[in-house]
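Please look over the sequence and the model before reading on.

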Amino acid sequence: MIAKKSLGQNFLKDEKVLNFIANSFEVTSKDLLIEIGPGMGALTKYLVKKPAFLLCYEIDKRMEKFLNVYKSPRTFLIYDDFLKRNFKKDFPYHYQNVYVIANIPYYITTPIVEHILNQEVVDGMTLLVQKEVALRFCASSKTKDYGYFTVFLQHFFQIEYLFDVPSTSFEPSPKVTSAVVRFTKKENIYPLDFLKFQTFLKQAFHMKRKTLKNNLKGYDLQILSDFYRENGFSDSLRAEELCYDDFVKLFLKF
Ligand code: SAM
C-alpha cells in the first residue's frame, strides 16, 4: 500500500499507543464510537473489541480490502469524506454516549474538530494530532499557543494533553512529533448561542497584535468599557489575556 501524502496517510504502528487510545474512554454496549480515517485498521482492530457500536469514515476506497473484515451488525463503514457527512443522519440507532477516537489526517485537523462540534452530539474525543496543534488545544491564556480555537474548545470540553508520540511510531514517518489529547464534555456547558459565541471569539482574536477594543469594533464599545472598569482591565487589553470565563462574561453582556 503506497501511502497518499495528500490524504495525510501516516499509519501508526506502535501497538501500545493504539491500545491506549482505543481504551481511553469507558464505554458500554449502548454507546457509539466514531473513528475518522481508519486507514488499514490499526486502531479499528482494537475498537471492534469494545462493547460499543463503531462507525468509521474512510475517504480512500483502497482501504476497503483491509476494513471490510471488521464489518458486523455493530460496526459500520462509510467510504466518504467525513467533512461532507452529517453524522446524526448516519447513526443507525440512538446511542447513550458518542465518542470520537481517531488518528486523524493532520491536513484537516481544525475542519474535522469544527465539524464534530457543530453537530453537537459528541461526549468525548481522543485524538492523535500534530504536537503543535495539541499545544494550541490545551494552551493557557497569556501564552503564544492560546487563541480562538482554545477558548472555543474549552466551551465544550475539559482538555488533557496526554503524551507525545514520536514520528518513528508511524509508517511513513511524518516530519513532526505528534501528541494524544483527550476531550471530555463538561457537565455544565453555559447555555449560550455557540455560533454567535464562535463569531465573537474569532473577532476578538482577529488581529493578534491589536487590542481587544480594536478587534471588537463592531460591538458596543460602551459595554466593553464598562466591562474593563468592572474587572480592572486597561484599554491595552489583548484577547490572549482573557480566560474562558472572562470571554463568557463579556459575551453575555452584548
Ligand atoms: N487510523 C489509521 C492509523 O492510525 O494507522 C490511519 C491514520 S492516517 C493519519 C489518516 C487516515 O484518514 C487515512 O487513512 C486517510 O485516508 C483518511 N482520511 C483523510 N482525509 C479524510 C477525510 N476527509 N475523510 C475520511 N478519512 C480521511
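Which residues of helix 7 are buried? They are Y148, F149, T150, V151, F152, L153, Q154, H155 and F156, where buried means under 20% relative accessible area, exposed over 50% and partly exposed in between (1.4 Å probe, protein chains only). This is a predicted model, in which local features need pLDDT of at least 70 and side-chain atom pairs count only at pLDDT 80 or more, while totals for chains, interfaces and linings use all residues. Residues are numbered from 1 along each chain as its sequence is written, and side-chain values use heavy atoms, with hydrogens and water left out.

**Helix 7**
- Helices (H or I, at least four residues) and strands (E, at least two) are DSSP runs, numbered from the N terminus.
- Helix 7 spans residues 148-156 and is largely enclosed by the rest of the structure, because 9 of its 9 residues are buried.
- Its cover includes helix 5 (109-118), helix 6 (131-137), strand 7 (157-165), strand 9 (178-185), helix 8 (194-204) and helix 11 (244-253).

**Nonpolar cores**
- A nonpolar core is a set of buried Ala, Val, Leu, Ile, Met, Phe, Trp, Tyr and Cys residues joined through side-chain atoms within 4.5 Å.
- The largest one has 59 residues, and I34, L212 and F247 have the most contacts inside it.
- Helix 7 gives the most to this core, with 6 residues.
- Domain 1 (5-185) and domain 2 (194-251) each supply at least three residues to this core; the domain bounds come from an automatic or database domain assignment.
- A second, separate core has 26 residues, including F25, A52, Y99 and I101.

**Aromatic pairs**
- The whole structure holds 31 aromatic pairs; rings of Phe, Tyr and Trp (its six-membered ring) pair if their centres lie within 6.5 Å, and planes under 30 degrees apart count as stacked, over 60 as edge-to-face and the rest as tilted.
- The pair Y148 and F149 is tilted, because the planes are at 50 degrees, with ring centres 5.8 Å apart.
- Y148 and F152 are stacked, at 5.9 Å centre to centre and 20 degrees between the planes.
- Y148 and F152 are 4 residues apart in helix 7, about one turn of the helix.

**Cysteines**
- The count of disulfides is 0, a disulfide being a pair of cysteine sulfur atoms within 2.5 Å.
- The sulfur of C138 is too far for a bond, because the closest cysteine sulfur, in C243, is 17 Å away.
- C138 is partly exposed, at 25% relative accessibility, whereas C56 is buried, at 1%.

Terms used:
Contact means heavy atoms within 4.5 Å.
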